[in-house]
Amino acid sequence: MERTVKAFDNDLDALKSAAAAMGGLVEAQVADSVRAVVRRDIDLAARTREVDERIDDMEIEIQDLAQRILALRSPVASDLRAILGALHIARDLERMGDHAKNIAKRVSALSTVAELQGLNGIVRMARLARSLIKDVLDSYVNGDTEAALRAWRRDEEIDEMHTSLFRELLTYMMEDPRSISYCTHLLFVAKNIERIGDHATNIAEIVHFIEEGSRFAESRPTSDDASVTVVDSTDREQGT
Amino acid sequence: MVTNGQQDENPAHAAARVKMQAKKVAVFYGEAQALHDVDLDIREHTVTALIGPSGCGKSTFLRCLNRMNDVIDICRVEGRIMLDGEDINTPSLDTVHLRARVGMVFQKPNPFPKTIYDNVAYGPRIHGMTSGKSELDEVVETSLERAGLWKEVRDRLDEPGTGLSGGQQQRLCIARSIAVNPEVILMDEPCSALDPIATARIEELIDELRTNFTIVIVTHSMQQAARVSQRTGFFHLGELVEVGNTDQIFTNPDDQRTQDYITGRFG
């Protein structure tokens, strides 16, 4: 139903557009940061880090717009949730941007290494994370809580990949101590991607809150066992 | 800023005693039906706000609660309204006595053309509630005190009530209504003729008054309902669409019509 005060709708539309645009930028930044790692492309890494400043500025723009709407319109109910939701989404996107920046930072260290093992796992994780970001942003724009829930459940796959990549990198390090340096960097890259996935699930939760005024009924899925994973020499002898 | 009207998180609040109860209340003005089957519990020591667009029936409902509709010839009220479990529409019930128990404050401050003192003393006098001047003095002082007006008028009790500012006049009317020690106070748009500061003082007062009284307030200002009440009922086209805790109504209402109204989507 149309609102009597149309300027209010325009404000809310502007807020949502700004959050969605910020999301698009973060989605590209995440992809670029991983591409820079894979290609060990120092220029691309530098550009990716610069984009982060733009992302930080966008969060501030969203905060200012939200503050103005709160002050001038006294929003309630679904309007209030739309504004609170946009603020929270902007915060999660900003964090995702920071993680992407951290990924890009590792390119210069990795560029000195002739051959990297474990990149395939990184690429797979990043591909999944990127599609997760795209899906939660689409669910936000379309107000589609079903799509948000589907994306939210898929974070489990990223967590599983993270655990498995963690084991893989540990194995390389045990086989050849010269790999410890780059594998450690790759571990951090994997961790950053895993955190990006977590922020994407936060956004899915926010979409549900905006649309329904409640949280998801089920508890958050998690299959990230990297923090409790140990690879000992027996594992290596068995070739796992 | 007023800081009253904090949402009552106390779980015991949900179990607050029901002071007044409307059961299937319908009101007709001649052939036209203004209210349809309203069921509403008014909880004790709680501020219940009634909101809704003009003509939705909220004032009509409020006026049922102390039989103010009796004075309108063509008005007919069906259903039952209970005060402490007793039907207030029982023919034997004395409406003067009822209105002493269920007082009312109107939209426009309407002090009598009498002194400030006599405005407040009027009710206790006609109900014969006091014996002697000193007792009446005390009731007048306590009532003005409770209405937050005593300090401003203590030295000018002999001046006409109509000489006060709008906000003071409204607080005088509140003092007048609480002088007869009512159990329930009905307020019909009590701040619509007041400026923001005077409004804030009345809202602060409403929050204090609920310690001793049960309050039902009709307001056009949704922000006011959100600020002062613990329970909110939304009326539309003569129906009570939704009633619930005020924080729930303003954050996540159940009914789409409530959502549309509070977010400004009603034509």
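Author: Helix axes here are lines fitted to C-alpha atoms over the stretch in contact, and the angles between them run from 0 to 180 degrees between N-to-C directions. The model discussed below is a predicted one.

Reader: Are H5(A) and H7(A) roughly parallel or roughly antiparallel to each other?
Author: Helix H5 (residues 119-142) of chain A packs on helix H7 (residues 180-212) of chain A with the two axes 9 Å apart and at an angle of about 15°. Angles under 35 degrees count as roughly parallel. The crossing of H5(A) and H7(A) is left-handed, and the angle therefore makes the two helices roughly parallel.

Reader: How many of the residues in the contact of H5(A) with H7(A) are nonpolar?
Author: From H5(A) the contact takes residues that include A:Leu119, A:Ile122, A:Met125 and A:Ser139, and these meet residues of H7(A), among them A:Leu186, A:Val189, A:Glu194 and A:Gly197. Sorted by class, the contact of H5(A) with H7(A) has one charged residue and two polar residues, while the nonpolar ones number 19.

Reader: How are H3(A) and H7(A) oriented, roughly parallel or roughly antiparallel?
Author: Helix H3 (residues 77-105) of chain A crosses H7(A) at roughly 170°, and the two axes come within 9 Å. The residues of this contact divide into 15 nonpolar, seven polar and six charged. Angles over 145 degrees count as roughly antiparallel, and H3(A) and H7(A) are therefore roughly antiparallel.

Reader: What is the handedness of the crossing in which H1(A) passes H2(A)?
Author: H1(A) and H2(A) pack with their axes 9 Å apart and at an angle of about 165°, which means that H1(A) is roughly antiparallel to H2(A). By class, their contact has 21 nonpolar, three polar and eight charged residues. The crossing itself is left-handed.

Reader: How many residues apart in sequence are the parts that A:Asp11 and A:Arg68 tie together?
Author: Side chains of opposite charge can pair when their charged atoms come close. A:Asp11 and A:Arg68 form a salt bridge, with the closest N and O atoms 3.3 Å apart. Because A:Asp11 lies in helix H1 (residues 6-39) of chain A and A:Arg68 in helix H2 (residues 42-73) of chain A, the separation in sequence of the parts they tie together is 57 residues.

Reader: Which three residues supply 46% of the area that chain A buries against chain B?
Author: The contact draws 13 residues from chain A and twelve residues from chain B, and the two chains bury about 1000 Å² between them, 41% of it on carbon and sulfur atoms. The three residues whose share of chain A's buried area is 46%, more than any other three supply, are A:Met1, A:Val76 and A:Ala77.

Technical notes. Residues numbered from 1 in each chain as written. Chains lettered and ligands numbered in written order. Predicted model: local features only at pLDDT ≥ 70, side-chain atom pairs only at ≥ 80, totals over all residues. Heavy atoms only, no water. Helix = DSSP H or I, 4+ residues; strand = E, 2+ residues; numbered from the N terminus. Parallel < 35°, antiparallel > 145°, perpendicular 65-115°, else oblique. Left-handed = near helix turned anticlockwise from the far one by under 90°. Contact = heavy atoms within 4.5 Å. Nonpolar A, V, L, I, M, F, W, Y, C, P; charged D, E, K, R; others polar. Buried area = accessible area lost by both parts, 1.4 Å probe. Salt bridge = Lys/Arg side-chain N within 4 Å of Asp/Glu carboxyl O.
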